[in-house]
Amino acid sequence: MRNIFSTLATAHLRKSINSSVRANITACMVLGLLSFEAKSQSIAATGTPLSLSDTIKIAIQNDDWLSKSQSIENGLYALSEGADALPDPVISMSVLNLPSNGFAFNQEEMTQLQLAASQQLPRGDTLKLQQEKYKTVAEEQPLLRFDRKAKVALRAEELWLDAYKAQTSYQLVEETRPLIQKLEEIVSTSYASSVGSAGQQDIIRAELEIMRLRDRLIELKTQKAVSLKKLSQYLFSSRTSGMTDYIPNSGIQLPSKLNDISYLDKKRISLFDSQSNQGVIQLVSMHPLVRAKAQQVKRYEVDTKIAKQSLKPQYAVNASYSFRDDTPQGTSRANFYSVGISMSMPLFSSTKQDAEISSRVQTTEAVKTEKRLLIREFLATVNSAYADYKGLCERINIYETGIIPQIKQQTQASLNAYTNDAGNFAEVVRAQVSELDAQLTLLGLEVAKHKAIATLRYYLPLEAHTYE
């Protein structure tokens, strides 16, 4: 950019014959450069740097959903501990055969005071299976927490990248604005001195480009603020007040450069280079949500086993002790002990029980189908993300090796032509704006590439404890 300033200054100085005007223009350009450098340093020093890794770490630490999931898991394990306990016994006390003509306890031999206890036994292995069910449901929560961490990391990274794109775009536009302003000042000076080829249309064109750049700056500043405000939902914890410092605002600065692709990300990408997709299918099949769906299948299979226990008889045991008083004449009467067992037979409810078993079986099959559909959906998303990644890499290569170098040559050529009175001011400005647009497009492609990698990272977990 300084070379452009120097070349433009030389061109316009040649077009001017007034030494005082030349001195004023040179001083204005020097002051403009110093002002721009100071402003750039001020922008870089504003706010608190917030790296992507720190953003993900804070977002996961502050996720209240994880605490909720842990509470659910603890509650389910607590239920499993008591699930195999027998139902409480039933104790009863009764007065039997009390005569209605005198209500005397010792009047009749059949009058008794009975104390009884009964215990109902569950059908088959119902209690054991109920305990297994609670444990199976509890084991689903760690998988859901792992998926939640990966989702939070993905969403936080996407918002962080949006904010980074807006900030870097803002800086690129901010670097271009002083050039257009200097061009406007130089052209205005040349036009006012009535020397050179600068015309009123050149001044209007410069003013128009400055207003467009200002509009871009406002838009980009707003985009960054919006992205950071959305990101704040992951950076603030309702459990502690100490995290309020991480609530972002438009003044927070992000790093000026994206990190290189990690080794694990390169390993994920290399899976698509093979002729077979077995590696990709295997990783997708190990995704936490797929494994959680497998746990749901186990849960419904246990439900089916519990339903089948209803076909078995249910037993109950009972025992009683009956006390009889002595006769009115003082003769002692024997007391009674009673022991019994009862059994329910599913004779009339078999239709209902068969229907319930069939329903549980069909539900299990439905969940198995959901698991297969989930794998297919994930595979389609992963392949789409990889195709997007490959296309973005090709476009980035074209911009870096072809488009941007040629645009720079075009900018220099238009500047040389304008210096030698063979071009016009509009071409110089148009070339500079085209170079800015190409840089912004390249930045957008880089950000989109990192988003595609983040998507692959979510759907292809290479390690079991990435976010622990």
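# Reading rings and burial in a predicted model

Q: How many residues apart are W160 and Y164 in helix α6, and what does that amount to in helical turns?

A: W160 and Y164 are 4 residues apart in helix α6 (residues 140-192), so about one helical turn separates them. Keep in mind that this model is predicted.

Q: How many aromatic pairs does a search of the whole structure find?

A: The search finds 7 aromatic pairs. W160 and Y164 form a stacked one, with 5.7 Å centre to centre and 5 degrees between the planes. Planes under 30 degrees apart count as stacked.

Q: Are W160 and Y164 buried or exposed?

A: Look at relative accessible area; under 20% counts as buried. W160 has 3%, so W160 is buried. Y164 has 5%, so Y164 is buried too.

Q: Which kind of pair do the rings of F378 and Y459 make, stacked or edge-to-face?

A: Here the angle decides: planes over 60 degrees apart count as edge-to-face. The planes of F378 and Y459 stand at 70 degrees, so their pair is edge-to-face. The ring centres are 5.0 Å apart.

Q: Which helices hold F378 and Y459, and how far apart in sequence are the parts they tie together?

A: F378 lies in helix α11 (residues 350-419), while Y459 lies in helix α12 (residues 425-459). The pair therefore ties together parts 81 residues apart in sequence. F378 is buried at 4% relative accessible area. Y459 is buried as well, at 15%.

Q: Which residues do ring pairs link into a cluster?

A: Ring pairs can join up. Here they link F272, Y386 and Y389.

Q: What sits over the ring of Y300?

A: A charge can partner a ring as well. The charged end of R299 sits over the ring of Y300, 4.7 Å from its centre.

Q: Where is S227, and which residues does S227 touch?

A: S227 is in helix α7 (residues 200-235). Leaving out residues up to four places away in sequence, S227 touches L159, D162 and A163. S227 has 8% relative accessibility, so it counts as buried.

Q: How many helices and strands does the protein have, and what share of its residues count as buried?

A: The protein has 12 helices and 4 strands. Of its 468 residues, 40% count as buried. The protein exposes about 25,500 Å², and carbon and sulfur atoms supply 53% of that.

Q: What share of the contacts with a separation of 6 or more comes from residues 24 or more positions apart?

A: Among contacts with a separation of 6 or more, residues 24 or more positions apart account for 83%.

Methods: Residues are numbered from 1 along each chain as its sequence is written. This is a predicted model: local features need pLDDT of at least 70, side-chain atom pairs count only at pLDDT 80 or more; totals for chains, interfaces and linings use all residues. Side-chain values use heavy atoms; hydrogens and water are left out. Rings of Phe, Tyr and Trp (its six-membered ring) pair if their centres lie within 6.5 Å; planes under 30 degrees apart count as stacked, over 60 as edge-to-face and the rest as tilted. Helices (H or I, at least four residues) and strands (E, at least two) are DSSP runs, numbered from the N terminus. Buried means under 20% relative accessible area, exposed over 50%, partly exposed in between (1.4 Å probe, protein chains only). A charge sits over a ring if NZ of Lys or CZ of Arg is within 6 Å of the ring centre and within 35 degrees of the ring normal. Contact means heavy atoms within 4.5 Å. Accessible areas come from the Shrake-Rupley method with a 1.4 Å probe; for residues, only the protein chains shown count as cover.
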